[in-house]
Amino acid sequence: MTPGGGASGDPIGSPGPGEVPGPGESHATGESPGAVPPTIPAALDRAATTWPQDEALVDGPVRLTFGQLAAAADEVARALVASGVQPGDRVSIWAPNSHEWVLAALGVYRAGAVLVPVNTRFKGIEAARVLRAAGARLVLTVTDFLGADYAALIRAEGDLPELREIVALRGPARAGVVAWPDFLARAAATPAATSRLRALAVEPDGLSDVVFTSGTTGAPKGAMLTHHASTRVYATWSSVVGLRHGDRYLLIYPLFHCAGLKSGLLACLLVGAALVPLPVFDVPEVLRTVAAEKITMLPGPPAIYQTILNVDLSGHDLSSWRLAVTGAASVPGELVRRLRDELRLETVLTAYGLTETTGTATMCRRGDDPGIVTRTSGRAIPGVEVRVVNDAGVELGAGKPGEIEVRGYNVMRGYFDDPEATAQAVGPDGWLRTGDIGVLDAAGNVRITDRKKDMFIVGGFNAYPAEIEAAMLAHPAIAHVAVVGVPDERLGEVGMAFVVPRLGGSLDPGEVIAWCRERMANFKAPRYVEVVDAFPLNASGKVVKFELRARAADIVG
């Protein structure tokens, strides 16, 4: 079991170098003024007071300062109040990244309501399932994203007894849908004092969000996250990664995900950085925006960085970019090396977390030995414990693989209206079962080897795709790799690797298999290799492995 602070030996809750303590404690870095704000509305108010004229949000021609951002969010809050939204009501957003999304979310918090973001990749039936499970009273959506009318999809589902109104953030209004300007016009009916009192009444331990995650069963489960857990985690996160006032943050993570909502929007509020959200990931647009907006921070999952590294970067001015933070079940060390060596980034850090841990549980620190960053996802943040256990729940020592468990202030309050799922995920002693397999070193740094569900068994030996993928990325002609298990009559399962060649290169499947057999145990080496142009990615930029498993089954037969 590793206390917060990990290798430094700090007691739980005590900040190490570059970390931010809880309320009432002194700051180690001074990068964020004053104590950690107790709520998200308080974080917005502080940003508007501290940096009123500094740029806060850039979305195409729309440019808002922190002062303007706070005023616009208050307008949304007053419109929500006028629409009958009460403190504690759930309000949903189903839309791509945009400045309207940001304003809507901050307005929801300021009105004392609870935000329920919905995945933009969902179909109508899936979105309706989330809205129904959360009892959403109002949904803010779009009518024209990538050819889809989300509002129409919601209306077509029906059976949403709690839903009172649909508002279109963007796109033409339809019958039964309120246009964004018409919705905002309602704010005039609510005095500013009302929204101010609503914001002041928000409790630090009150719910800020219900973020739905399908988990391993596919059934929607809404992780209940709180205001102060969010502000405390991301004050620490920002300080650890070196995000600071004046930084310019390109957000390719979707705002419906903790990575976009918390480590993106909230982190920028906490330190005074400008947020530049993109609605979809597009490499040419990313490179253009980095140059045009002098982007300094661009976090993303490994697949996103690998895609960027696999295009011709000549002619693109990326000199302003200095910070990269990545995380996944496992982050290949080769990727970290390439980000440093080929893009000349000042800081490349890895981190680990789940929605159920408010997005973050462990982090590498600036100043860590490069080997720690390339091999691990760092150690527990202050106030958080991490341990590894076997199937019986017995804690294992350093170097022994098992399921990772997390305990601390960052762990969700539970799954919304689902005590059974909550009891399965969080034990009576507060330990959250993550479903990830990993190993702790003697200093408390965690190395994630894979998701429990992704592991496959080859002739009785456990094979972890992420470990195999990391090894295969050392091949000089491989840009991306994703490994899945496929049925085998003799061994039960064997590995199949989907590989994307590096720019200008080519791959021979037989040569790749031979290369793997020379460098890894026989049970780990893939039996099949399929060369592809790209992988299916979800809205968060992660590889959709169930699609690859289906494709593998068709190929292998």
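Colleague: Which residue of β17 does Val384 stand opposite?

Modeller: Val384 faces Gly408 there. This is a predicted model, in which local features need pLDDT of at least 70, side-chain atom pairs pLDDT 80 or more, and totals for chains, interfaces and linings use all residues. Residues are numbered from 1 along each chain as its sequence is written, and side-chain values use heavy atoms, without hydrogens or water.

Colleague: Got it. How many bridges link β16 and β17?

Modeller: There are 6, with β16 (residues 384-389) antiparallel to β17. Strands are DSSP E runs of at least two residues, numbered from the N terminus, and a pair needs at least two DSSP bridges.

Colleague: And how many bridges join β17 to β18?

Modeller: 4, again antiparallel, and β18 covers residues 432-440. Val406 stands opposite Leu432 in that strand.

Colleague: Why is β17 called largely enclosed?

Modeller: Because 5 of its 7 residues, in the stretch 402-408, are buried (under 20% relative accessible area with a 1.4 Å probe, protein chains only; exposed is over 50%, partly exposed in between).

Colleague: Switching to Thr357: where does it sit?

Modeller: Thr357 is in the loop between β13 (347-352) and β14 (362-363). Its relative accessible area is 0%, so Thr357 is buried.

Colleague: What does Thr357 touch, leaving out residues up to four places away in sequence?

Modeller: Val406, Asn410, Val411 and Leu432, where contact means heavy atoms within 4.5 Å.

Colleague: Which backbone nitrogen does the side chain of Thr357 reach?

Modeller: That of Leu354, at 2.9 Å.

Conventions: Polar contact = N/O pair within 3.5 Å; in protein donor to acceptor, adjacent residues only side chain to side chain.
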